[in-house]
Amino acid sequence: MGAEAEHRMSPSPAPAPPPPTLVGTDADAPPMVLGLQLSALIDHVARVDWSLLDRIPGDRGGSQQVCIEELNHILAEVNAQILPCRDDLSPIRTIAGGSVANTIRGLSAGFGISTGIIGACGDDSQGVLFVSNMSFSGVDLTRLRTKKGHTAQCACLVDASGNRTMRPCLSSAVKLQANEFKKEDFKGSKWLVVRYARQNMEQILEAIRIAKQEGLSVSLDLASFEMVRDYRTQLIDLLETGNIDLCFANEDEARELLGGELTFDPEEALAFLAKYCKWAVVTLASKGCIAKHGKQVVQVAATGESNAVDATGAGDLFASGFLYGLVKGLPLEECCKVGACSGGSVVRALGGEVRPENWQWMYKQMNASGLLLPDLKN
């Protein structure tokens, strides 16, 4: 990137709520929920014109890896063509990102659930930003190893309709390897949050193996429709192990799971996932979600969709709310309703981190619906 781009893209901690005090939790106790993010990731989130999306490789709306030269080219293009934001704040945000990081940060900052992250970050400025942002949100980073090298980055390009296109650069980033996991990392926690990635299967399988030995439940996010489409057989192999307790799929991922037909029945995808998982959820954007646990199937409407600015993190924050519900022992329908509120909170501003005013909006929605409010004391 040139000097101008370097200045405009320079990382600065994004606004966030004060670090929550986790009520009723021993400070020395293991985190309730662990997130497996092998490579710490920094998101560069910007509003862009559709014409820019047509000039970069890959499908619009999906997630496709790029090399560092391609990422720098995309970021230079972004700086040359930035759309104004509806909320009159900076049209570009540089924050800690990644699906798993978004979910556990949401659980900690918005719901007061103790969380930690297992992974690695580089010893560069991007790594410093990742650590600052996540620790400020109350996430335990004692399982995050700092390594010599680069921290992963991702261009998150948001069009005028609020839909996002992701271009992550992971090839040169430091990463936690399978032989670096320690049983102590998992001991005493209740949930492990995982994102499907074919290139990381060795680490994912080893982490799940240890987690299961230590009595943790495992939540799996299907990552992207491209990942499901290209590595569907390997995904089904993972599901067939019986080690995935909870699985989230969005509508596009669910379609690819069933073979990629243009017309498909989301309930069929839900039933497919429920064959292997205790809880299965298919999110349907503005149409809400459907979920299954045992013989129970529920459908819940979306919340806050009419005010969507950016869909980045919507599924990740839905997972935060749903997991909060499970941790608190809420019924399936209420887990979905909390997820709809938290998913609706993040789409009200740019980026995958919920702003303070939008947490307040979420609490109002939860209160109006008679849902269990988080026990936060700031």
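## Salt bridges in a predicted model

A salt bridge here is a side-chain nitrogen of Lys or Arg within 4 Å of a carboxyl oxygen of Asp or Glu. Side chains of opposite charge can pair when their charged atoms come close.

This is a predicted model, in which local features need pLDDT of at least 70, side-chain atom pairs count only at pLDDT 80 or more, and totals for chains, interfaces and linings use all residues. Residues are numbered from 1 along each chain as its sequence is written, and side-chain values use heavy atoms, leaving out hydrogens and water.

Back to our pair: Asp 252 and Arg 255 both sit in helix H10 (residues 251-257), three residues apart, about one turn of the helix. Helices (H or I, at least four residues) and strands (E, at least two) are DSSP runs, numbered from the N terminus. Asp 252 is partly exposed at 37% relative accessibility, whereas Arg 255 is buried at 18%. Buried means under 20% relative accessible area, exposed over 50%, and partly exposed in between (1.4 Å probe, protein chains only).

Helix H7 (residues 201-213) holds Arg 209 and Glu 206, again three residues apart, about one turn of the helix. Their side chains meet in a salt bridge, and Arg 209 is partly exposed, with a relative accessible area of 40%.

Lys 278 and Asp 245 also pair through their side chains in a salt bridge. Lys 278 lies in the loop between helix H11 (266-274) and strand S12 (279-283), and Asp 245 in the loop between helix H9 (232-240) and strand S11 (246-250), so the pair ties together parts that are 33 residues apart in sequence. Lys 278 is partly exposed at 48% relative accessibility, while Asp 245 is buried at 4%.

| Salt bridge | N to O distance |
|---|---|
| Arg 209 and Glu 206 | 2.7 Å |
| Lys 278 and Asp 245 | 3.7 Å |

Salt bridges also link Asp 59, Arg 229 and Asp 230 in a network. The count for the model comes to 15 salt bridges.

Now for the whole protein. Its secondary structure comes to 14 helices and 15 strands, and 56% of its 378 residues count as buried. Among contacts (heavy atoms within 4.5 Å) with a separation of 6 or more, residues 24 or more positions apart account for 78%.
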